[in-house]
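The sequence and structure are shown below.

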Amino acid sequence: MSLTLKDLIRGVRACKTAAQIRELIATESAKIRTFFRNEDTKYRPRNVIKALYMHMIGFPSSFAQLECLKLIATESFICKKIGYLGLSMLLEEESDILVLATNVMRNDLISGNSLFISLALTALGNLATEDMARDLAPEVEKLIHHKDAFIRKKSILTAGRIIRKVPDTLDRFIGCVRNLLTDKSHAVVLATLSLMKSMIEVDPETIEKFKKFTKGLCKILQTLSETAHSPEYNVAGIVDPYLQISILQLLQIFGKDDKEKTQLMTDILAKIANSVQSSNVGNAVLYETVMTILLIESEKRSQLMAISILSKFLSKNSNNLRYVALNTLSRVVDKVPNAIQRQRKTIVNCLHDSDISIRRRALDLVFSLVNQKNAKTLIKELMNYMLESNQELRNDLTSKICLAIEKLNGDKQWQLETLIEVLEVAGQYVSEEIAAKTINLIIEYSELQSFVVHKFFSLLNVERDRPQKLIQVAVWCIGEFGDLLTEEIEHFEAIPSEQVVDLLEFLLVNTNVEYIKYYLITSLIKLTTRFPDQAPKIQDIFSRYRTNVDIEIQQRSCEFYEFFKYGDFSISVLDKIPPISALLDESNETETDSQTDSQTESQSEVIKEDQKSSKLQQKKLVQEPKKSKKQQQKSKQQNQNQNQKSKNSRKRK
């Protein structure tokens, strides 16, 4: 005799290895199959339950599918319950066996037994295929008006499944919505709202048809908010929060881009926002209220109230509330930027949260708040935050700071100072792209090149153990604009050329990073045109590195050493790089000039060809004499003779 379900569970738990479990399940599966082959009706429910348990722990149980169909065809409630449960677990929508269950479900739906109807509706709502939904839609439509509220709720939810599977059946159920919204049962109303969402999902045009229910939904919402206590629907002091949330979600759809419907919602939304108690359930209702206010065409006063509620969420100790608030603010930052700007300090404080997901959300929101007015303040706070941020955020933080600086066309000196600070603070987290953008800005801002090169020189001269990207950009600037170091500017003294070359030589000797050595060698050859008096010293440096182990350094040193043989260091190869904007302007001018030249040339050629052709035609007309009558007769005779000859030749053939 096979084991009971309890004995099977005990046996599985008693097994110490996976092999023992597989052996036990294989033995019991063989016994169950034997019972199924012998058509044992007495132990069929128990064996199906054991097969479902095997399915739950990961073993194949497809052999019990047909037995589930046999169970739902019986008249026993327990057998039907086990059979429908087995169908829901063992079968999928694509299974062909479901076709056999359609007729049994129809019989249960029209049986009049509430228990059988409930089981059939549950299975249909979970497993209905397109064919089953189309065949059983009339029976479900009739059950929507059933006297039992429980059956009405089940049938409405099943109707949502049918509409999603067969959109053509939408017109069959849309007429029932009005009466269902006035049902006394909250469960029926909640199911009706779910049905409306399914209809809107299938056919968005139904939104206009449902907007006429906005006033009625607001009344239901008002009734729920004014009810002090309802034992049947009370959850943590809130009357039916599920129904309230579902209504608010529909109002978000109805009030979007519709000021008339928004006016109907304003009062009740403000009342809920001010009266809901602060608890987990209350916060859920409050959150949906805030989302409704922000998504519909509400007034600025209401929007400010919604943003203040979200700021209160940020000050709570709950990580869930803070994350939800930051996520919501990020969604509506483009719609109400000024209101969110007022909560800037609270948002910035979230950067120091212990939860990394909250820090990421806060970081995204802070960067979306950066504008021309608050850029210096916010980026300064972000730079301070970078010093204490972990490695996971520093890379993203660096790229976003540089992106924000690039977008803002304000104080140029501040932009360059901030980028230099990023290079100094971020260190290895600065990408090659950021270094290249910094160099491009330095080239563009020619009036600040002297300040920048003095700044970089002072950074390298005071402390030479700097981040690699900072050394890379600084060395490039010194090589390109090194002649500006000999000039005295505000806050910086003039620097002798010998000191500049000594600094680069020191870095070349002491750095272990190969690509920085490449930059240093290139900068030294450029300094030969900036500091001609230092040319012999630079030549000596190149002569020492012509036998370097690194092939790239050796090749560069040998090639640059050959420059000294020509004696003229003012060659164009070592000139300063002009701004990219100037190069683009020159290229555009040359393109326009070439286009105009080509157009004029083509036009002149066309005119010349026309003139030549007209002259030739005139010459022909002048030179060609008119044929006399005799000449015309001769030509006719010649043509006739030729035709006669051709006819004779054909006859011969």
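With which residue does glutamate 208 form a salt bridge? The partner is lysine 211, and the closest N and O atoms of the two are 3.4 Å apart. The model examined here is predicted.

Lysine 211, at 9% relative accessibility, lies under the 20% limit and so counts as buried.

Lysine 211 also takes part in a salt bridge with aspartate 258, with an N to O distance of 3.1 Å. The lysine belongs to the loop between α13 (206-210) and α14 (214-226), whereas aspartate 258 belongs to the loop between α15 and α16 (259-275); the pair therefore ties together parts that are 47 residues apart in sequence. Lysine 211 and aspartate 258 are both buried.

## A pair within helix α26

Glutamate 433 and lysine 437 form a salt bridge through their side chains, at 3.4 Å from N to O. Both residues lie in helix α26 (residues 432-444); because they are 4 residues apart there, about one helical turn separates them. Glutamate 433 is exposed, its relative accessible area being 51%, while lysine 437 is partly exposed at 31%.

## Network and total

Side chains of opposite charge can pair when their charged atoms come close. In this model, a network of salt bridges links Glu39, Arg44, Glu67 and Lys70. The count of salt bridges comes to 28.

## Packing of α12 and α15

Two packed helices are described by the angle between their axes and the distance between the axes. For helix α12 (residues 186-202) and helix α15 (residues 241-255), the axes come within 10 Å and cross at roughly 30°. Angles under 35 degrees count as roughly parallel, and α12 and α15 are therefore roughly parallel to each other. Their crossing is left-handed.

Which residues of α12 meet α15? On the α12 side they are His186, Val189, Leu190, Leu193, Met196, Lys197 and Ile200. Their counterparts in α15 are Tyr242, Leu243, Ser246, Ile247, Gln249, Leu250 and Phe254. Sorted by class, the contact between α12 and α15 comprises 10 nonpolar, 3 polar and 1 charged residues.

Technical notes. Residues numbered from 1 in each chain as written. Predicted model: local features only at pLDDT ≥ 70, side-chain atom pairs only at ≥ 80, totals over all residues. Heavy atoms only, no water. Axes fitted to C-alpha atoms, helices over the stretch in contact; angles between N-to-C directions. Helix = DSSP H or I, 4+ residues; strand = E, 2+ residues; numbered from the N terminus. Parallel < 35°, antiparallel > 145°, perpendicular 65-115°, else oblique. Left-handed = near helix turned anticlockwise from the far one by under 90°. Contact = heavy atoms within 4.5 Å. Nonpolar A, V, L, I, M, F, W, Y, C, P; charged D, E, K, R; others polar. Salt bridge = Lys/Arg side-chain N within 4 Å of Asp/Glu carboxyl O. Buried < 20%, exposed > 50% of the residue type's maximum accessible area, 1.4 Å probe, protein only.
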